[in-house]
Amino acid sequence: MNKSAVVIGGGIGGLAAAIGLRRIGWTATVLERRPELGEIGAGMSQSPNALRALAELGVADAARAAGVPFHGIFNLRTASGGHIVRALPGTASPLLGFHRADLHRVLLDALPDGWVHPGAQVSAVRQDADEVIVSCGAREWRTDLVVAADGVNSTVRSLLWPEASGPRFWGNTIWRGIAHADGIDAAMTMGRGQYFLAMPVGGGRVYWALGARADRPALRYDDELAEVRRRVGHWHDPIPHLLEATAPEAVLHHDITDLDSLSGYVRGRVVLLGDAAHAMHPDMAQGAAQSLEDAVVLAAVLADTGDDVPAALARYDEQRRPRTQTIVKQARAKGLESTSGNAVGYHLRTTALRLVPSSRWPALAAKALAPVWNWRPPRLPR
Ligand SMILES: Cc1cc2nc3c(=O)[nH]c(=O)nc-3n(C[C@H](O)[C@H](O)[C@H](O)COP(=O)(O)OP(=O)(O)OC[C@H]3O[C@@H](n4cnc5c(N)ncnc54)[C@H](O)[C@@H]3O)c2cc1C
């Protein structure tokens, strides 16, 4: 019999989950609380593991067409512009940079009309052994499975995992913007206590991000772009130019939070996926990547175990929890290191990196990241 799922959340994780379910012959209803579908105006990169997950979901070509090869991690600079490591001409990059809205659109386009319901905020989830009932105000859905992809502040996690601690702030904050500029190379500029990332995302747009420490959460400025300028407006070109080419009202400023390890991602027929399960610091560029992996593994275990949803979810939990929770911890450590104001640590880091010949850096970086990047997806039935 045809099985059905409700996916809560229409972000990258939720849409990917629905695509995976569709590939194994399920139907899915995606409930998204925002009245309009889409992603925020910022960018992201996707690594080989994520690109393999996208391929298994059947959207590799569309994703490649929407992305731009990203060389930022092979082009490390100091605030004054000196190259710590430089991407040599012709260096191939295994990473793709995206405007978030473009990647979101690729996923949305892979779903049938009518699967995604904007303006549907889930307020309650209850279940017995045979089904789950999801409520959005007065409306209810009865289903075999609920995939909770409702983000770092997940409503489902707080309803069904009441013992879990909420998102935790470790002191990192980030500004993001999209500048309209051409001919810009991707680069990561390592300052002491803060870093600036620039990444072309196609269509004459450059995504930039400034990561830094904050004394307390929710510290906001009347003019966020002016604060970014104050911090890095005197750094090397093209940083001042990118800030000039950014609309002040489009600058985003968020604190970074992550999740302590949950003891399980599954309660009955409800499963957490993406940031709802394992929100992490952005410093390994793995948050969305891991949600894509989650989506493929979920579809694979459901396809394998036939009608036994709880058995499939137990296998999902077993496969996904150790990997994602390890990456959460690594990303946290990396995030705190990249914004550390410690002068000795900064000097040691940049000196060690300078000793690496630029020609060898891509291979060394790939080797260091191999446990994350080399993940291979399970095959979904065609
Ligand atoms: C600064 C920054 C940079 C990043 N860079 C990268 C990167 O380069 N590469 C990468 O892979 N990842 C990156 N990430 C991480 C990535 O953005 C997230 O991991 C990813 O977007 C999570 O997707 P999600 O679908 O799990 O959650 P979300 O994108 O948060 O989606 C959750 C959705 O659920 C909806 N929702 C919430 N509650 C309800 C409800 N009650 N009912 C219905 N709908 C609901 C929300 O409106 C939202 O649309 C970055 C994150 C940050 C903060």
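This is a predicted model: local features need pLDDT of at least 70, side-chain atom pairs count only at pLDDT 80 or more; totals for chains, interfaces and linings use all residues.
Residues are numbered from 1 along each chain as its sequence is written, and side-chain values use heavy atoms, with hydrogens and water left out.

In soluble globular proteins, nonpolar side chains tend to be buried together. A nonpolar core is here a set of buried Ala, Val, Leu, Ile, Met, Phe, Trp, Tyr and Cys residues joined through side-chain atoms within 4.5 Å; buried means under 20% relative accessible area, exposed over 50%, and partly exposed in between, with a 1.4 Å probe and protein chains only. The largest such core has 74 residues, and Leu21, Leu145 and Val147 have the most contacts inside it. Helix H9 (residues 287–304) gives the most to this core, namely 11 residues; helices (H or I, at least four residues) and strands (E, at least two) are DSSP runs numbered from the N terminus. Contact means heavy atoms within 4.5 Å. Not counting residues up to four places away in sequence, Leu145 touches Ser4, Ala5, Val6, Leu21, Trp26, Val132, Arg269, Val271, Leu302, Val309 and Leu313. Another core, of 32 residues, lies apart from the largest one and has Met190, Met280, Ala331 and Leu353 among its members.

Helix H10 (residues 309–338) contains Arg320 and also Thr324. Arg320 counts as buried because its relative accessibility is 1%. Its side chain is joined to that of Gln290 by a polar contact of 2.8 Å and to that of Asp294 by one of 2.6 Å. A polar contact is a pair of N or O atoms within 3.5 Å; within protein, one must be able to donate a hydrogen and the other to accept it, and residues adjacent in sequence count only if both atoms are side-chain atoms. Beyond four places in sequence, Arg320 touches Tyr265, Gln290, Glu293, Asp294, Val297 and Trp375. Thr324, at 0% relative accessibility, is likewise buried. The side chain of Thr324 reaches the backbone oxygen of Arg321 at 3.3 Å, and its contacts beyond four places in sequence are Tyr265, His278, Met280, Gln290 and Asp294.

Helix H2 (residues 48–56) is largely enclosed by the rest of the structure, because 7 of its 9 residues are buried. Those buried are Pro48, Asn49, Ala50, Leu51, Ala53, Leu54 and Glu56. Just after H2, Gly58 takes a positive phi of about 85 degrees.

On a 1 Å grid over the protein atoms alone, a cavity is a set of points where a 1.4 Å probe fits but cannot get out, and a pocket is an open set with protein on both sides within 12 Å along at least five of seven lines; lining residues have an atom within 4 Å of a point. Grid points are joined across faces, edges and corners, and a volume is the space filled by probe spheres set on the points. The structure holds 2 cavities of 30 Å³ or more. The largest cavity, with a volume of about 40 Å³, is lined by Asp185, Ala187, Thr189, Phe196, Ala198, His236, Pro238 and Ile239. Strands S14 (187–190) and S15 (194–202) each supply at least two residues of that lining. The second largest cavity has about 30 Å³ of space, and the largest share of its lining, 3 residues, comes from S13. The second largest pocket holds about 240 Å³. Of its 14 lining residues, Asn75, Ile184, Asp185, Ala186 and Ala187 are the closest to its centre.

Most residues other than glycine have a negative phi, and most peptide bonds are trans. A cis peptide bond, with omega about 10 degrees, joins Asp237 and Pro238; Pro238 is found in the loop between helices H6 (224–232) and H7 (239–244). Ala218, in the loop between S16 and H6, has a positive phi near 60 degrees and counts as exposed at 52% relative accessibility. Ala285 has a positive phi of about 50 degrees, lies in the loop between helix H8 (275–278) and H9, and is partly exposed at 29% relative accessibility.
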